[in-house]
Amino acid sequence: MKNCLWNLSNMKIDFHRNVFIQFCCIFLMMIKRSVSIAEFFSKNKQFLGYVNPQRSLFTVVKELLDNALDIVEESRVENPTVKIEVRNVKNDIYLVKCEDNGAGIEEKDVPYVFCKFLFGHKFLEKKQTRGQQGIGVSSVVLYAQQSTGNPVRVITKTKNSNGHEFKLMIDVKKNEPIIIEKKKVEKESTGTTVEVLVKGRYSERIDEYIRRTALVNPHVTIEFNGKVYKSRDKMPEISSIPVMPADLDYVEFKELIKNTHHETVRSFIYHSFRGIGWERATIIENKIGKREVKELTEEEIRKLYLMLKEIKLRMTFEELEKSVFGFGVKTITEYLKQFKPEKIFVRISKPELYKNEVYLVEVGCGYGVGEEINIHRFANRMPLLYTPGACLITQTVNSIKWKYYKVKRGMILLVHIASTHIPYSEQSKDAIAENEFLRNKILQCLRYIGREIKKWETYKEKEMYLKKLEKDYKELGKVLDEM
Amino acid sequence: MSYKPLTKEDVLYMIDNILQDIKEQYRSGTVTIDKPVVRNVKTSIMEENIIKFTGKQRKINTKSQKGLTYIYRLVQILKLSKELIKNNKTLTVRDLYYISSNWGDKAFASQSSARQMLLDLEVLLGVPHEALGFIVEEQKDQARLVGYVIAKYKDLKGREKVINFNEHDYGSLLPVNFLHLDEVEFKINADFVLVIETSGLFRRLYEEQYHEKRNCILILTGGQPSRTVRRLIKKFSEEFNLPTYIFCDADPYGFTISMVIKHGSFNLSHISELLASPKSEFIGVSTDDIISYKLPGEKLTKHEINKLKAMENDPRFQTTFWKRQIKEMLRINRTAEQQSLVKYGLDFVVKYLNEKI
C-alpha cells in the first residue's frame with residue numbers, strides 16, 4: 001500500500017491519465033492484494049508499445065536509443081557516439097545491443113535505473129529530454145525477461161570508478177530490481193552498454209527510425225549494424241526550466257514542506273520556487289499568516305497551494321531560447337534535400353511558455369516531391385513512426401485547405417515539436433495528443449509555409465508568362481517582315 | 001471625327017503609315033499604340049443632337065500579353081485589308097473570325113471580339129470598315145426600299161448596275177454591296193421618307209399603295225437598322241433634304257430603334273456622324289396612342305421593364321415627351337405592335353399616318 005502511494009506521489013498531475021485511470025480500475029478490482037506498477041505494466045504491455053512482434057522489437061530499439069542519446073547529450077562528452085546492433089540469434093529471437101560513451105551510471109544506481117519503474121523521474125527539474133518518467137528502459141527489461149526469460153546485461157563505467165557488469169531482472173510484484181550477477185570489469189572509457197535478448201520481428205521501420213534520428217541529430221555519431229552516421233556539429237547546452245508550484249501535486253507539495261529547511265513561509269516560497277520574487281512571497285505570506293512553515297494546518301497548506309498554483313512562470317527570451325533545442329534551419333534543409341524537392345521552405349516559431357512549459361514548433365517543407373503530402377513527425381528530436389492517424393500533427397496538417405495556397409504538387413512536411421513536456425497520447429510515445437495551444441502553433445507555421453508556396457507558384461507562373469511574351473514578340477516581328 | 005470621302009489610294013496610304021510606324025517601334029523593343037476606349041453610355045456624349053464618342057484613348061504596349069495579342073491581331077487585319085482593297089474583294093466579320101484561327105492562340109475568341117477589333121480600327125483610321133474591305137453580314141430580316149428611287153452603282157466586276165426600287169412588288173432589297181454610298185448615284189422623286197420597323201406593316205402600306213398616294217419612300221429596316229440602312233436614311237434626310245419619319249412598335253425595342261436612327265447608337269458612337277439622322281422625327285406608335293386608340297397588346301416583361309428603367313437615364317430620351325412616354329408605359333404596363341392598328345380596319349393605318357404627317 002505504502003509503495004503504491006509513494007509511486008502515485010511521484011506522478012505529475014498531468015501524467016498520462018489513461019494509465020492512471022486504468023491503474024485505479026485494476027486496483028479497485030484487486031482490492032485485496034496491492035498491485036505494483038510493474039505488475040500493471042506487465043499485464044498491459046500494449047500501453048508501452050509492445051503490441052505485436054514488429055512493434056515490440058522496434059520499441060526496444062527505440063527506448064534504448066533514446067536513453068543513450070539523452071545520456072550522451074547530458075554528459076556533454078567530446079565525441080558523443082552511440083552504437084546499436086540488432087542481430088537475429090535464432091528464429092524470432094533478437095539480440096539488441098546499445099553502447100554509448102556518455103558519463104556512465106553510478107554503481108549504486110544501476111539496478112534501479114534499469115529495473116524499477118518510475119525511478120529517475122526528475123523531481124525538481126524540468127528539461128527537454130526524450131525520456132520522460134523513467135518507464136522506458138524498465139519496460140525493455142520487463143519485455144525481455146517475459147519474452148525470452150533472459151536478464152538484461154549492463155556494462156558501465158563512470159569517471160571516478162572502475163567498470164562494472166550487471167545481469168538484472170525485475171521483481172514484478174514489488175517493482176524492485178533482482179541482481180543476478182555483479183562483477184568488476186575492465187573498461188577503458190566512460191559509458192554504458194546495454195544488451196537484451198527479445199522476441200520480435202525485424203522491420204524496415206527500425207532502419208528508418210535510426211536513419212531519421214541520425215539525420216536530425218547531427219551532433220551525435222550513430223552506428224547501426226555497421227553503418228556509420230558521422231557527427232558534424234556541436235550541440236549547444238540546454239538549461240532546465242524552473243519547477244513552479246502548478247507543476248506539483250498536492251501530495252508532492254506537502255512532501256516539499258516536510259523536507260524543507262526554511263523556516264518562514266515566505267522564505268520557503270522564495271527559495272523553493274524560482275519565478276516568485278521576495279515581494280510576492282511576502283504578499284502571499286500576509287494572506288496566510290506569518291507562521292512557521294512546518295506549523296501550518298492542513299487547510300492553510302491547501303490554501304497556500306491553490307494560491308501558488310496560479311502563478312505563471314515568466315522567463316526572458318534568452319532563457320527560453322536556451323531551454324529548448326530544435327533542429328534549426330540547417331538541419332531541416334539538409335534533411336529535406338535528400339528528397340530532391342523543387343523548393344524548401346522552413347518556418348521556426350519562437351519558443352513560448354504555455355502552462356509553465358516551453359514549446360517550440362518547427363516546420364519544414366520540401367515542395368515538389370511526389371503527388372501527396374508526406375508528413376514526417378518529430379518530437380523532442382526523435383521521429384514518430386507509428387499511429388499517424390491519431391496524432392495531432394497529422395490532423396492539423398490535414399485540416400488545412402492546401403488548394404487555397406496553390407499547392408499543385410506533392411510535398412514532404414517535416415513537423416517537429418520540441419518541449420520540456422510533450423503531451424503524448426500514449427505511453428508508447430508514438431503520437432501527440434490533442435492540445436489547442438500546440439494545434440494553433442502548428443497551424444501558424446503551416447500557414448506561413450502555405451503563403452510561401454503560393455508566392456512561389458505565382459512566381460513560376462510569371463516566369464512562364466515572360467517567356468511566352470518574348471516568344472510572341474518574335475512572332476509579331478515575323479508578321480511585320482512578311483509585308 | 002468628321003467624315004471625308006477617301007479613295008482607295010488614301011486608305012492604303014494610311015494603312016502603310018501605321019504599319020511603318022509599328023515596324024520602327026518594333027526595332028526599339030516595345031510597340032505602343034493608342035487603343036480607343038470601349039464606346040458605351042459613360043464614354044459618349046450628346047453633341048448637336050448626335051451621340052458622339054469622346055475620343056478617350058488608352059495606351060497599350062507589347063509588355064503585356066493582352067497588349068501584344070491586340071497589336072498582333074491589328075497588324076494581321078491591316079495586312080488582310082491591304083489585300084482586300086488591292087483585289088477589290090470583301091470579307092465579313094464572320095470570315096475574319098474564321099481566318100483568325102490561323103493565328104494560333106491569338107485567334108479571336110468569338111465573332112463579337114472580331115467585330116470589336118474592326119470598330120477599333122474605324123476609330124484609329126477614321127474610316128468606316130467598309131472602306132477597308134470588311135462588310136457586315138446580311139441580316140435575317142432584310143432591308144427593303146420602295147418608292148421612286150433609281151440607284152446607279154458599279155458591281156464587283158466593275159460593271160454599271162441600275163436598280164429601280166419601284167419596279168418589283170414590295171420594292172427591292174438593298175444590295176449587300178451598297179457599300180460606299182458615295183459611289184452610288186441616286187435619282188429620287190419623293191416628298192418624304194417613312195422608315196418602318198416591321199415587315200407586316202410595310203406589306204400593309206405597300207398594298208394600300210401608300211407610297212404612290214403620298215409620293216414617299218418606304219424603307220423597311222427589318223428590326224434594328226443596319227449600318228447601310230442608317231447611312232441611306234441619313235443621305236436622304238440630309239443630302240436630299242427629305243423629311244424623315246420613323247414608325248415603330250410601341251415597346252422599348254421600338255423606341256430604341258427610333259432613337260438610334262435619330263441620334264445614333266453607343267456602340268457606333270465613333271461614326272455617328274455618318275449614321276445618325278437628327279432631322280428625323282418619331283411619329284409612332286407612342287404610349288399616348290396606345291391609350292387614346294386603346295390598342296391591344298401584351299404586358300411588359302421583366303426584361304422590358306429593366307430596359308425602360310435604363311432608358312430613363314439615357315441621354316437620347318431626356319425630352320419631356322419621352323419622359324412621359326416611358327412613365328406612362330410603366331404605368332399602364334402594356335406594349336403594342338404597329339400591326340395592332342389593323343384592329344380598326346385594313347386602311348386605318350393610312351388614316352393614322354395622315355393625321356401625323
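Select A:Pro245 first. In this predicted model, A:Pro245 is buried, with a relative accessibility of 0%. Now show what surrounds A:Pro245. Setting aside neighbours within four places in sequence, its contacts are A:Phe273, A:Ile276, A:Tyr305, A:Leu308 and A:Lys309.

**Chain A as a whole**

Zoom out to chain A. Its secondary structure consists of 15 helices and 14 strands. Of its 483 residues, 52% count as buried, and A:Pro245 is one of the buried residues. Among contacts in chain A with a separation of 6 or more, 72% are between residues 24 or more positions apart. The accessible area is about 23800 Å², and carbon and sulfur atoms hold 51% of it.

**A salt bridge within chain A**

Next, select A:Lys429 and A:Glu63. Their side chains form a salt bridge, with N and O 3.9 Å apart. Which parts of chain A does this pair tie together? A:Lys429 belongs to the loop between strand E14 (411-419) and helix H15 (436-481), while A:Glu63 is in helix H4 (residues 53-75), so the bridge links parts that are 366 residues apart in sequence. Are the two partners buried or exposed? A:Lys429 is buried, at a relative accessible area of 5%. A:Glu63 is buried too, at 4%. Both values fall under the 20% cut-off for buried residues.

**Across to chain B**

Now display both chains and look at where they meet. On the chain A side, 14 residues are in contact with 20 residues of chain B. Together the two chains bury about 1600 Å², and 65% of that area is on carbon and sulfur atoms. Nine residue pairs are in polar contact between chain A and chain B, counting pairs with both residues at pLDDT 80 or more. By class, the chain A residues that touch chain B are seven nonpolar, one polar and six charged.

How many salt bridges cross this interface? There are four between chain A and chain B. To see a salt bridge between the chains, select A:Glu482 and B:Lys79, whose side chains meet with N and O 3.0 Å apart.

**Chain B as a whole**

Chain B contains 13 helices and 17 strands. It has 357 residues, of which 52% count as buried. Residues 24 or more positions apart supply 74% of the contacts in chain B that have a separation of 6 or more. The accessible surface of chain B is about 17200 Å², with 48% of it on carbon and sulfur atoms.

**Two salt bridges within chain B**

Select B:Arg204 and B:Glu207. They form a salt bridge in which the closest N and O atoms are 3.1 Å apart. Both residues are in helix H5 (residues 199-207), and because they are three residues apart there, about one helical turn separates them. B:Arg204 is buried at 11% relative accessibility, whereas B:Glu207 is partly exposed at 41%.

Then move to B:Asp288 and B:Arg324. Here the closest N and O atoms of the salt bridge are 2.6 Å apart. B:Asp288 lies in helix H10 (residues 287-293) and B:Arg324 in helix H12 (residues 320-332), so this bridge ties together parts that are 36 residues apart in sequence. B:Asp288 is partly exposed, at 23% relative accessibility. B:Arg324 is also partly exposed, at 41%.

**Last stop: a network**

Bring chain A back and select A:Glu342, A:Lys406, A:Lys408, A:Arg409, A:Glu457, A:Lys460 and A:Glu461. Salt bridges with shared partners join these residues into one network. Over all chains, the whole structure has 50 salt bridges.

Methods
Residues numbered from 1 in each chain as written. Chains lettered and ligands numbered in written order. Predicted model: local features only at pLDDT ≥ 70, side-chain atom pairs only at ≥ 80, totals over all residues. Heavy atoms only, no water. Helix = DSSP H or I, 4+ residues; strand = E, 2+ residues; numbered from the N terminus. Buried < 20%, exposed > 50% of the residue type's maximum accessible area, 1.4 Å probe, protein only. Contact = heavy atoms within 4.5 Å. Areas by Shrake-Rupley, 256 points an atom, 1.4 Å probe, with all protein chains shown as cover. Buried area = accessible area lost by both parts, 1.4 Å probe. Polar contact = N/O pair within 3.5 Å; in protein donor to acceptor, adjacent residues only side chain to side chain. Nonpolar A, V, L, I, M, F, W, Y, C, P; charged D, E, K, R; others polar.
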